[in-house]
Amino acid sequence: MSYCRTNIASTVTFVAAGLMACLLPVHSGAEEVTLEQVLEEVPQQHETHQITQMEVRQSRALRRQALGALFPQLSATGELTRQGGEEVEIGDQAIRRRYDWGITGIASLTIFDGPAYYDYWQSDAMVDVAEASAEWERHFLELDAEVAFFTLASAQREVEIAEAAIEWRREYLEEAEELRDAGFAVEVDVSRARAEVLEAEQALLEADAARGNAADGLATLLGRDPDGQLRAEFDPEDIETDPPPQRASVTEERTDFTGRRAGVEAAELGRRGVWWGFAPRVGLSLNTRWGEPTAFDPDYFNWSLTLSATWDLYQGGARFARADEAQAEVRQAELELERDLRDANVEMAQAYRDWESAAARIEVARQRLEAVEQTYDQVLAQYEQGLVTGLEVSDASQELLDAEMTLNQVRFQARVAEVQYRYLEQQE
């Protein structure tokens, strides 16, 4: 009997140490990963990171297109024409040739185009938006990775607790059978002990399934096959952290809001570009042609240089409609930014409050576990002396299991809240 109590005490002490790395029944092919490995691999392996990089690439390409519209444009055309009828000649000169060929070259330069300048500036601002969005997506990938890692670590610990529960309940079953055979217990005590063993085995099956699901979730983030074999390697000394003084508030310096502000500025540039459509577009073009000479065009090569100014005076009210749409877009972006900044502050405050609450509940859960352990030892000793029935032992055993699970859960909740708060308060 003393061996049973010693084993239970060591189990409780092991639980109180914190969320442990996986000391589990060995699965063939199981791989252990550290948090550092996860945070390094997830942003590189997950498709979200690659998608955001493609979005950045697209925005840069659009900026280059907008810039290209302001550079000189060159084009060339080759042509060969067969005229119907006979070739017309006067003396030694042809008025119309049956076969006429020519090469035309055009070079044009935009001297001034107000909307085109604003298109470029707007596309430049959208690059900032895409880069900030990509950085924030990477940031939240790391958040998801940390949460997935600790979810797996917590699930592994629950498997350990369930395995320990099976062991001590089997020992109690053996003890109940011995006491029954000695005439100090009744058959109902044995039946109840056997039912508790089966209940613990069922809990282990559920915990193992939860661990497999958590392993698959982390494997998916790592871009690996979800085979349920991944294991979290974790130092229990790092599980509990005390909340620091709360940050005053989230500001627009946070990466995602930096991008959102760039989006507002881009919308404002688009609005201003609409009104610059009233200004003339000034351009310079050079036209050249090299081809067969005729009586009306005796030179093989000729050219012309044109300076033009173009006004769009009236477009049926479309310009005013675009300006109104752009103004509404700017105002909408500003309102959404204000709303989301306020929501972000609420979200960060809630995460900090959850962290504080969970950190405080850890000590309460630890003290409860110590008290429940003492109660279980006392009840078991009284049972051996025939002073209590197996029902009291069963209740104490279940309370001990609940206390272990509760301590594991509040530790996990505290760490997740800490991770969420840390990621939400991040400033650029």
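## Lining of the largest pocket

In this predicted model, the lining of the largest pocket draws at least two residues from each of three helices, namely α4, α6 (255–275) and α7 (318–384). The space in this pocket comes to about 160 Å³, and among its 14 lining residues those closest to the centre are Pro-115, Gly-273, Val-274, Gly-277 and Arg-322. By residue class, the lining of the largest pocket consists of four nonpolar, five polar and five charged residues.

## Helix α4 against helix α6

Two of the helices that contribute to the pocket lining, α4 and α6, also pack against each other, with axes that come within 8 Å and cross at roughly 165 degrees. Because angles over 145 degrees count as roughly antiparallel, α4 and α6 are described as roughly antiparallel to each other. The crossing in which α4 passes α6 is left-handed.

On the α4 side, the residues making this contact include Pro-115, Tyr-118, Trp-121, Gln-122 and Trp-136, while the α6 side includes Thr-255, Asp-256, Gly-259, Arg-272 and Gly-273. Taken by class, the residues of the contact of α4 with α6 are 12 nonpolar, six polar and four charged. Pro-115 and Gly-273, which take part in this contact, are also among the residues closest to the centre of the largest pocket.

## Helix α4 against helix α8

Helix α4 (residues 114–181) also meets helix α8 (residues 390–424), and the axes of these two helices come within 10 Å and cross at roughly 170 degrees. Helices α4 and α8 are therefore roughly antiparallel to each other. The contact of α4 with α8 is made up of 18 nonpolar, nine polar and eight charged residues.

## Helix α7 against helix α8

Helix α8 also packs with α7, and here the axes come within 7 Å and cross at roughly 160 degrees, an angle that makes α7 roughly antiparallel to α8. The crossing of α7 and α8 is left-handed, and the residues of their contact divide into 24 nonpolar, five polar and 12 charged. Helix α7, like α4 and α6, supplies at least two residues of the lining of the largest pocket.

Notes:
Residues numbered from 1 in each chain as written. Predicted model: local features only at pLDDT ≥ 70, side-chain atom pairs only at ≥ 80, totals over all residues. Heavy atoms only, no water. Axes fitted to C-alpha atoms, helices over the stretch in contact; angles between N-to-C directions. Helix = DSSP H or I, 4+ residues; strand = E, 2+ residues; numbered from the N terminus. Parallel < 35°, antiparallel > 145°, perpendicular 65-115°, else oblique. Nonpolar A, V, L, I, M, F, W, Y, C, P; charged D, E, K, R; others polar. 1 Å grid on protein atoms, 1.4 Å probe; cavity = no way out; pocket = protein on both sides within 12 Å on 5 of 7 lines; lining within 4 Å. Points joined across faces, edges and corners; volume = space filled by probe spheres on them. Left-handed = near helix turned anticlockwise from the far one by under 90°. Contact = heavy atoms within 4.5 Å.
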